Amino acid sequence: MYEYRVCTRCVMDTTAADIVFDENGICNYCTDFLAMLKTAQEKVVDRVAHREEFIEEVKEAGKSKEYDCVVGVSGGVDSSYALYLTVKNGLRPLSVHLDNGWNSELASHNIANLVTSLGVDLYTHVIDWEENRDLQLSFFKANVVDIEMLMDNAMLALNYRQAANYGLKYILQGTNMATEGSAMPKGWNHFKYDVRNIRRIHKKFGSVPIRTHPLISTLDYIWFEFIRGIKWVSFLDYFPYNKFEAMETLKREVSYKPYPYKHYESVFTRFYQAVILPKKFGYDKRRVHLSTLVVSGQMSRAEAIRMLETPPYPDPQQEEQDRLFVMKKLGFTEQSFQDYIKAPGVPHELYGSEVELYPLLHTIYGTVRSAWRSVRGNRS
Ligand SMILES: [Zn+2]
């Protein structure tokens, strides 16, 4: 029989379908996270010690190129700070931003301010709204959970393409291992490079031809990363990173304006995480984030439980305003939106997935790489 349980150490619960508890009621999520954290912290110590060398490598790779590296910016603190650090360390970044039509005004303002103050070139790709709307609606109609993978995939595609366009070897990102947090439970999100899944869902439910939307498949990723030799690097790993201090620096030096709450950068992201995920799929992603804070000693478990009892939107008026905005922008009626929320979720895999192609991809990659090496005389 199904029994509701919460971990006694973190705040993960049985909404994570594959959660298991030991005899003390401690779950696999926080146990795995603690093991991962130790390794990650050791790696970060090592990276911080080798920062100068790494920066020299990036500069060397950028010699005779227009830029040294690509840095993706969303308007959030992490990516803004990564861009700031590249400039402060003498690198010449090209900043890349994906505008998918859901940016908050404050996020756009922060990005504009950031690149102007730092004197950095910005490449913004504005997504074709009709295509994006049709893709997002296909995902709604398919009742799959990871609507955000459309944005994540496009963002990955854009960064790799810009690096390839300028012949650059490094994509430096505002991520870091030490604060990445606990793993997402299986079924709460989907594999981000699964273009086959995106195309299948769109073919079944979409109507607008996809001509310009950036997409990156597993095979494209292999091409960029291993054949073109473009490295995706968590740049913040090379620095002692404290989000609060990073925010203060950005406020002081590039007139950065903090957001009133998490995921404020994108109206869709905040609505998706605070309304669609809990109400339709029964997951609250805050559990993963809060568990990370509890286990790494940044918050008490009691405080995390108290926070989970409050609604994800800090303000009910804002929630209703966002709901009306999202419905209008995507073309939902009140009834069709209610029907969507009530309809059960469907696994992504049901529509076809690149994951099925893995054994094949592995073979292709091996063949392509050895062929390429013989052409280049194994120079790199
Ligand atoms: Zn736990």
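This note goes through the aromatic contacts of the model, point by point.

1. The model is predicted, so local features need pLDDT of at least 70 and side-chain atom pairs count only at pLDDT 80 or more, while totals for chains, interfaces and linings use all residues. Residues are numbered from 1 along each chain as its sequence is written, and side-chain values use heavy atoms, with hydrogens and water left out.

2. There are 29 aromatic pairs in the structure. Rings of Phe, Tyr and Trp (its six-membered ring) pair if their centres lie within 6.5 Å; planes under 30 degrees apart are stacked, over 60 edge-to-face, and the rest tilted.

3. Trp102 and Phe325 make an edge-to-face pair, with 6.0 Å between centres and 80 degrees between planes. Trp102 is in the loop between β2 (93-99) and α4 (105-118), and Phe325 is in helix α14 (residues 316-330), 223 residues apart. Trp102 counts as buried because its relative accessibility is 0%; Phe325, at 40%, is partly exposed. Buried means under 20% relative accessible area, exposed over 50%, and partly exposed in between (1.4 Å probe, protein chains only).

4. Phe271 and Phe337 form a tilted pair, 6.0 Å centre to centre with 40 degrees between the planes. Phe271 belongs to helix α11 (residues 267-281) and Phe337 to helix α15 (residues 334-342), so the pair ties together parts 66 residues apart in sequence. Both Phe271 and Phe337 are buried. Helices (H or I, at least four residues) and strands (E, at least two) are DSSP runs, numbered from the N terminus.

5. One aromatic cluster includes Trp102, Phe325, Phe271, Phe337, Trp129 and Tyr340. The charged end of Lys280 sits over the ring of Tyr340, 4.1 Å from its centre (NZ of Lys or CZ of Arg within 6 Å of the ring centre and within 35 degrees of the ring normal). Lys329 lies over the face of Trp129, 4.2 Å from the ring centre.
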